[in-house]
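Hi,

Here is the structure I said I would pass on. Have a look at it, and then read on for what turned up.

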Amino acid sequence: MRLDNAVMAAGLVSRNQLKKLIKSKQVTVDGHLIDKAGLIVDCHLQDIRLAGQKVETEQEVYYILNKPAGIVSACSDIKHRTVLEMLSPEDRKGGIYPIGRLDRDTEGLILLSNNGPLGYRMLHLKHHVEKTYYVEVNDSLTSDAPDFFKKGVVFLDGTRCKPAKLDILSSHAGYSSARITISEGKFHQIKKMFLAYGVKVTYLKRLSFGGFDLEDSLPPGAYRTLTQAETEHLKTYFD
Ligand code: URA
């Protein structure tokens with residue numbers, strides 16, 4: 001959308017007022033001064049400001065959702081239900097996407113928002129977003145396991161993971177459970193880390209993400225809007 005149309009849609013200033021603001025060097029996109037009203041912009045992906053005030057065509061929304069198994073963490077899918085379809089039609093605003101991914105068979109906490117730049121920053125490697133998972137595996141986790149994960153697991157292809165914190169909850173031949181915290185997000189990371197240890201993940205649930213915890217009051221499939229304080233916390237945490 002053109003910048004002038006985006007500004008009009010947001011109902012902030014008139015086309016002429018925008019031109020004046022551009023002339024007086026008060027219009028920025030992602031921190032860069034703009035000199036053309038016809039510049040093509042996207043309010044969901046870019047931070048557009050008029051004299052410091054953010055341009056938003058649609059209200060920013062933030063949800064915390066307990067993803068059930070069988071649901072994909074994508075915006076659309078031809079075969080499976082998506083996390084967006086868990087939202088009621090009135091909550092499904094344009095531009096909403098899941099912040100990060102969980103495998104289809106993984107349950108648990110996922111954040112959703114239509115704030116594009118925020119999601120990008122959260123997932124960018126320099127922001128160490130801690131994630132804790134509850135894991136069940138098909139064999140025992142012996143007392144050497146926490147050290148194995150702490151040293152940084154290396155996959156068969158040579159990929160090295162950052163140190164992870166493992167707390168064993170129970171261990172038996174044929175079934176064990178644990179809590180594990182990582183601070184990166186490689187594809188199928190948890191499952192591959194446990195495979196590298198020599199066991200197979202049989203159940204996986206994300207318990208926390210970036211300081212947000214999955215509450216008992218959110219059963220699988222349920223979600224709620226983040227409070228104003230939580231939203232502010234989220235934004236400052238990842239600035
Ligand atoms: N690691 C995995 O293997 N799967 C997930 O869904 C999340 C982390």
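Where is the place of Thr 82? Thr 82 sits in the loop between β5 and β6. Before going further, please keep in mind that this is a predicted model.

Since we're in that loop, let's stay there a moment. Thr 82 has a relative accessible area of 1%, so it counts as buried. Setting aside its neighbours within four places in sequence, Thr 82 is in contact with Ile 71, Val 72, Ala 74, Cys 75, Ser 76 and Asp 77.

Ser 73 is also found in the loop between β5 (62–67) and β6 (97–99). Is Ser 73 buried or exposed? Ser 73 is buried, because its relative accessibility is 3% and the cut-off for buried is under 20%. A polar atom of the Ser 73 side chain lies 2.9 Å from the backbone oxygen of Leu 102. Leu 102 also turns up in the list of residues that Ser 73 contacts beyond four places in sequence, along with Lys 67, Val 83, Pro 98, Gly 100, Arg 101 and Ile 110.

Leu 102 leads us to the ligand, as it is one of the residues around it.

- A polar backbone atom of Asp 103 is 2.7 Å from an oxygen atom of the ligand.
- An N or O atom in the side chain of Thr 106 is 2.8 Å from a ligand oxygen atom.
- A backbone N or O atom of Lys 191 is 3.1 Å from an oxygen atom of the ligand.

On its own the ligand would expose 240 Å², and the protein buries 95% of that.

Next, strand β10 (residues 175–182), where Ile 180 lies. With 0% relative accessibility, Ile 180 counts as buried. From Ile 180 to Asp 167 is 13 residues in sequence and 6.3 Å in space, C-alpha to C-alpha.

Ser 177 is in strand β10 as well. Its relative accessible area is 5%, so Ser 177 is buried. Which side chain makes a polar contact with the side chain of Ser 177? That of Ser 170, at 2.8 Å. Ser 170 is also among the contacts of Ser 177 beyond four places in sequence, which include Tyr 134, Val 135, Glu 136 and Leu 141. Ser 177 and Asp 139 are 38 residues apart in sequence, with their C-alpha atoms 9.3 Å apart.

Finally, the whole protein. It has six helices and 13 strands, and its C-alpha atoms fill a box of roughly 75 × 35 × 35 Å along the principal axes. Of its 239 residues, 43% are buried. Contacts between residues at least 6 apart in sequence join residues at least 24 apart in 64% of cases. The accessible surface is about 12,700 Å², with 53% of that belonging to carbon and sulfur atoms. As for charge, there are 33 positive and 29 negative side chains, and the centres of the two sets lie 6 Å apart.

Cheers

Note on methods. Residues are numbered from 1 along each chain as its sequence is written. This is a predicted model: local features need pLDDT of at least 70, side-chain atom pairs count only at pLDDT 80 or more; totals for chains, interfaces and linings use all residues. Side-chain values use heavy atoms; hydrogens and water are left out. Helices (H or I, at least four residues) and strands (E, at least two) are DSSP runs, numbered from the N terminus. Buried means under 20% relative accessible area, exposed over 50%, partly exposed in between (1.4 Å probe, protein chains only). Contact means heavy atoms within 4.5 Å. Accessible areas come from the Shrake-Rupley method with a 1.4 Å probe; for residues, only the protein chains shown count as cover. Lys and Arg count as positive and Asp and Glu as negative; His and the chain ends are not counted. The place of a charge is taken as NZ of Lys, CZ of Arg, CG of Asp or CD of Glu. A residue is near a molecule or strand if one of its heavy atoms lies within 4 Å of it. A polar contact is a pair of N or O atoms within 3.5 Å; within protein, one must be able to donate a hydrogen and the other to accept it, and residues adjacent in sequence count only if both atoms are side-chain atoms.
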